[in-house]
Amino acid sequence: MGQDFDRLGVGLISVGWMGKVHARAYRALPEFYPELGIRPVLVHAADTAADRLDYARDGLGFARASTDYHAVIDDPEVDVVSICAPNFLHAEMATAAASAGKAFWIEKPAGRDASETQAIAEAADAAHVVTAVGFNYRNAPAVEHAKKLIADGAIGRITNVRGTMFADYSAEPAGGLSWRFIRSLAGSGVLGDLMGHLVDLVQYLVGPIDDVAALTSTVHATRPKLAMGQATHFAVSDSAERGEVENEDYAGMLVRLSDGAVGTLEASRVATGRRAHYELEVYGTEGALVWDFERMNELRLAVGRGPHSGFTSILAGPGFGDFARFQPGAGTGMGYDDLKVIEASKFLASYSGREAPSADIHDALAAARVAAAAEAAASDRTWHAVPPTAGTNGAGTNGAGANGSASQAGTTT
Ligand SMILES: NC(=O)c1ccc[n+]([C@@H]2O[C@H](COP(=O)([O-])OP(=O)(O)OC[C@H]3O[C@@H](n4cnc5c(N)ncnc54)[C@H](O)[C@@H]3O)[C@@H](O)[C@H]2O)c1
């Protein structure tokens, strides 16, 4: 690359919710990861909404702002690109970034479906550009600690997982029809959105999902129309003009993992009363652990059997993932933005050759393939196999430690 990491040019495509979070993460990076010696400079942002361009310049501090995203990719001072656009634009933007030889950090789901995600992965591989994907929940220190406990065998051989990604962001029937509800703009609904995070967490912590049975449902058939870039998907509208919701509000899956564990995974964007209840329970022969994003600094752990077995709550602290970067003492809570600072550090550490990438485009493809199998299974009401994905960084280690081994895995029917 032969470049000056002390002035790493950042381009941002789309200044919506995630675009702002990415920009804040780049700005914070040198404070939390000084030893990387990387100083991101916010060079060029693009959005089709004029007021968001003003905010990119005046609020976030980008030097330049354009309505055409090609101007960001083609800007010679831009070294890396964040792609935070609605899903239907990801493939063309990522392919353009790869063709220009620029590393990209793309939000999930990377493509609208598995074939689009595969095309992005192939473009990135062909151009040898570093990628990162927004599977931010991996970065929670309590999740990293859970991964270590599982890999060390602290809860034995993993027998089953139970995950729920329940949010109520669309529980309001008057919630606006943003791009997320339109198949040509988003692809699948909650399967690619919240379920993608959950699938990634399972594959990161425990191991690849091999087989899927699934069902989906759409709870609110129509919603008030919302113009692109006008508001987020949290917006409620009293517009009388309504459009059809074209993808699923709820998805449920039964899964078999390659190492013998089984599980149930559910995701809903219409779970009334659940704000961001993103919970994963992992059960093993020697114990269990539970993590929930609403209490993201906490890990509930049960070790051992017998009359005194039960869950203990452990608050994240130094020694758990990257916690010590943010706070010196256990129990002082981190927030969502901090997970994105960690993600930015992993992206740029891998870009500068210091570390192997964390969640990258191949992990996005692995999750997309599970979603595709789930859509097929929901459609024909049979089990579907998930094609294996080479090159993922999330391959879990089920029962690799002293108390269990993958070879002990039982059979499931
Ligand atoms: N990792 C996470 O936890 C997480 C959370 C939310 C969203 N996301 C993902 O981030 C992506 C963006 O979601 P969001 O919630 O930020 O969306 P958003 O609706 O808040 O923002 C989208 C932005 O894209 C802009 N845009 C539309 N067309 C454009 C074009 N042609 N060129 C440039 N900009 C254009 C819009 O004007 C808007 O500013 C999606 O893929 C979504 O799934 C990830």
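Predicted model: local features only at pLDDT ≥ 70, side-chain atom pairs only at ≥ 80, totals over all residues.

Biologist: How many cavities of 30 Å³ or more does a search of the whole structure find?

Modeller: The search finds two. A cavity here is a set of points, on a 1 Å grid over the protein atoms alone, where a 1.4 Å probe fits but cannot get out, and its lining residues have an atom within 4 Å of a point. Points are joined across faces, edges and corners, and a volume is the space filled by probe spheres set on them.

Biologist: What is the volume of the largest cavity, and which residues lie nearest its centre?

Modeller: Its volume is about 80 Å³, and among its 13 lining residues Val-133, Glu-343, Lys-346, Ser-358 and Ala-359 lie nearest the centre. The largest share of that lining, four residues, comes from α10, where helices (H or I, at least four residues) and strands (E, at least two) are DSSP runs numbered from the N terminus.

Biologist: And which residues line the second largest cavity?

Modeller: That cavity, of about 50 Å³, is lined by Val-143, Ala-146, Leu-201, Leu-205, Leu-280, Val-282, Leu-289, Trp-291 and Leu-299. α6 (141-151), α8 (194-205), β13 (276-284) and β14 (287-292) each supply at least two lining residues.

Biologist: Switching to the core, which residues touch the most other members?

Modeller: In the largest nonpolar core, which has 120 residues, they are Phe-104, Ile-209, Val-212, Met-253, Leu-265 and Trp-291. Such a core is a set of buried Ala, Val, Leu, Ile, Met, Phe, Trp, Tyr and Cys residues joined through side-chain atoms within 4.5 Å, and buried means under 20% relative accessible area, exposed over 50%, and partly exposed in between (1.4 Å probe, protein chains only).

Biologist: Last one: is Pro-328 buried or exposed?

Modeller: Pro-328 is exposed, because its relative accessible area is 77%, and it lies in the loop between α9 (323-326) and α10. Pro-328 and Leu-265 are 63 residues apart in sequence and 35 Å apart in space, C-alpha to C-alpha.

Technical notes. Residues numbered from 1 in each chain as written. Heavy atoms only, no water. 1 Å grid on protein atoms, 1.4 Å probe; cavity = no way out; pocket = protein on both sides within 12 Å on 5 of 7 lines; lining within 4 Å.
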